[in-house]
2 protein chains.
Amino acid sequence: MSEGMSVDKVTLALDAEGGDRGPAEIISGALQVAGPELHVRLVGRPEHIRPYLPREAPVLDFIGVEAAGSVISFHEEPAWAVRNKPDSSIAVGARLVAHGAAQGFVSAGSTGAMVAAGLLLVKRIKQVKRPAILVVLPGEGGPVAMLDVGANADCRAEYLLDFGLMGSAFAHAALDVAVPRVGLLNIGEEEGKGNELSRVAHGLLAGAPIHFVGNVEGRDLFAGKADVVVTDGFTGNVALKLLEGTAGYLLGRVREAAAVNARSKLGGLLLRPTLRGVKQALDPEAYGGSYLLGLRGLLIICHGASSSRAIANALTFGAKAVRNGVLTRLEAELGRVMPGVAPGPPLRD
Amino acid sequence: MSEGMSVDKVTLALDAEGGDRGPAEIISGALQVAGPELHVRLVGRPEHIRPYLPREAPVLDFIGVEAAGSVISFHEEPAWAVRNKPDSSIAVGARLVAHGAAQGFVSAGSTGAMVAAGLLLVKRIKQVKRPAILVVLPGEGGPVAMLDVGANADCRAEYLLDFGLMGSAFAHAALDVAVPRVGLLNIGEEEGKGNELSRVAHGLLAGAPIHFVGNVEGRDLFAGKADVVVTDGFTGNVALKLLEGTAGYLLGRVREAAAVNARSKLGGLLLRPTLRGVKQALDPEAYGGSYLLGLRGLLIICHGASSSRAIANALTFGAKAVRNGVLTRLEAELGRVMPGVAPGPPLRD
């Protein structure tokens with residue numbers, strides 16, 4: 001990780017106006033984690049930001065304000081909005097990354113607008129065919145990074161190869177996995193299973209300079225069989241929302257069960273402290289957000305309902321990924337499988 | 001439902017040798033539910049069946065034995081095995097359906113072999129392009145039927161139209177839903193969202209003579225937004241296994257939480273009776289199995305580890321579906337959207 005050691009300070013832009021909870025919540029997240037090693041530039045209308053900054057505090061040395069004039073709403077067509085609202089917080093934040101004033105940009109605003117701003121303003125790394133959205137899930141043996149969870153509804157097998165390379169680089173840099181095990185989400189464990197896309201992708205991933213462990217099934221997602229799970233953006237998005245739905249349904253039923261009678265109420269009360277651990281293990285805020293990979297900067301998309309803690313986690317994880325060289329690493333990994341270049345041996349650090 | 005009223009007796013074939021638990025478990029399931037309205041023909045090697053039948057009992061009037069000479073294992077290539085082992089329990093059972101000696105066939109053996117036997121021996125309903133596997137999931141507002149969960153890894157949009165028609169007919173006949181709401185599993189609620197397959201399928205389903213309610217997302221699966229959820233066999237299979245994995249992971253964590261200390265142990269003990277309800281609500285055995293639809297008979301695929309209760313439920317549900325005319329209904333619904341024929345008005349009973 002020598003490429004990361006020289007980076008003392010990481011600067012991240014933060015969309016102060018994205019998200020459902022308003023600037024107070026977002027800015028509170030920044031105030032929690034800004035410091036000498038993590039500078040935060042708040043992007044938004046200054047009059048919406050200033051009221052939530054303390055008048056005097058040491059943390060202000062590490063926080064800047066970058067003026068924007070508008071906000072892109074969830075209802076606007078993303079690419080149109082990015083093109084036609086150059087003063088929007090998402091466009092301004094993305095340009096800070098494009099111009100090198102920040103290494104990453106965090107927003108709890110429109111996912112579509114973040115993807116569009118990434119493509120139009122930050123631009124792709126030369127070697128990557130399609131950027132992908134990566135999400136970090138809890139797992140029995142540690143976190144699991146899954147991508148793509150929504151940037152590309154229709155994929156070609158070569159995109160999935162890129163996702164494997166990018167996911168491996170991310171897990172190494174952001175999740176501290178020395179040699180990430182990369183699996184392909186599929187409907188059967190044996191090679192040759194699946195639809196046409198996954199059968200071709202299997203062959204490409206097997207030949208790539210990563211530690212490919214073959215197919216993983218939906219039921220293995222939490223079982224620790226892989227650190228990185230590769231899938232197309234349609235299947236990945238369905239899977240992610242299904243996870244959320246199932247977890248919500250189940251925990252709701254457990255809550256209901258604990259309200260049935262006096263006996264179960266007492267049981268629920270006694271269990272509550274340890275059940276809180278279960279909830280935290282599934283907490284989508286733990287890793288702060290989704291990571292848009294494949295661009296010349298790191299874009300982090302937080303849930304619209306993100307709390308200050310989610311924002312703080314997104315900033316911390318994003319800064320760590322940048323500090324550990326995720327961007328240079330992505331570029332290097334993708335460069336290793338350029339057309340005509342034989343893949344090298346698996347990475348060992 | 002007049003077409004079903006005249007059917008007094010339903011005969012189902014049952015693979016006595018399929019499944020991991022052996023004939024004793026399977027036959028016990030048959031003994032629980034066979035009766036004047038549900039005749040069961042046990043298919044297998046007679047010497048493996050006879051020991052588990054009572055010597056004398058009224059239920060024997062409704063149970064027959066159909067000799068098979070071998071079993072198809074999970075490791076054999078399905079279509080090859082069905083062709084080359086005509087005396088296997090799955091081939092014999094499928095032929096009973098093909099010849100009209102049974103209206104349906106239940107097996108806890110190889111899913112692939114059941115699909116192959118369905119296509120090769122039972123044959124498709126003329127109008128159906130591809131049979132699909134339907135599974136019944138628990139939901140907040142009642143059961144939800146999802147299809148295809150694995151018969152067709154690569155789908156064309158017209159297949160998804162058929163799945164919608166078949167799922168609607170099944171929900172009506174087997175789940176007592178008068179006018180089933182049919183949704184399309186997709187990554188966004190608005191029309192126009194999704195991958196190319198789902199965008200085209202959306203248009204076809206919207207024009208079909210069913211009650212199409214549009215896109216549903218993974219998080220809505222348990223929310224009671226649709227009685228039938230249509231998807232391709234790849235996405236559906238990933239989703240099904242993910243559900244199993246998430247439920248297993250979560251309930252495991254709740255169990256762990258209840259073992260942390262004396263306080264949580266007591267809490268778990270007090271909660272146990274009501275938590276059992278949560279487990280049952282997710283019980284894959286409640287509806288007995290998966291239903292292979294689109295053939296000239298009903299094929300029911302049970303989990304390899306099925307208990308006698310799962311087998312009994314599969315027989316009961318299968319018989320009910322047949323009695324309520326699911327087969328004639330499927331054929332009729334599919335016939336309504338033959339090429340060149342304008343779709344009629346939505347079905348109302």
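Begin by selecting helix H6 (residues 111-122) of chain A, in which 11 of the 12 residues are buried, so the helix is largely enclosed by the rest of the structure; a residue counts as buried if 20 or more other C-beta atoms, placed from the backbone, lie within 10 Å of its own. Helices are DSSP runs of H or I with at least four residues and strands are E runs of at least two, numbered from the N terminus. This is a predicted model, in which local features need pLDDT of at least 70 and side-chain atom pairs count only at pLDDT 80 or more, while totals for chains, interfaces and linings use all residues. Residues are numbered from 1 along each chain as its sequence is written, and chains are lettered from A and ligands numbered from 1 in the order in which they are written.

Stay on H6(A) and colour its buried residues, among them Met114(A), Leu119(A) and Val122(A). These buried residues pack against helix H4 (78-84), helix H5 (89-98), strand E4 (104-107), strand E10 (290-293) and strand E11 (298-301) of chain A.

Next, move to chain B and select helix H5 (residues 89-98) with helix H6 (residues 111-122), whose axes come within 9 Å and cross at roughly 40°. That angle makes H5(B) oblique to H6(B), and the crossing is right-handed.

Now show both chains together. Chain A can be laid on chain B with an RMSD of 0.0 Å by a turn of 180° and a shift of 0.0 Å along the axis, and the two copies are thus related as by a two-fold rotation axis. To find that axis from chain A, select Gly267(A), the residue of the chain that comes closest to it, at 1.8 Å (C-alpha).

Finally, select the contact between the chains, which takes 45 residues from chain A and 45 residues from chain B. On the side of chain A, the elements that give two or more residues are helix H9 (233-257) and helix H10 (262-281), and H9(A) gives the most, with 17 residues. Because 100% of the interface residues of chain A are also interface residues in chain B, the copies meet through the same surface.

Technical notes. Axes fitted to C-alpha atoms, helices over the stretch in contact; angles between N-to-C directions. Parallel < 35°, antiparallel > 145°, perpendicular 65-115°, else oblique. Left-handed = near helix turned anticlockwise from the far one by under 90°. Contact = placed C-beta atoms within 7 Å. Least-squares fit on C-alpha atoms with pLDDT ≥ 70 in both.
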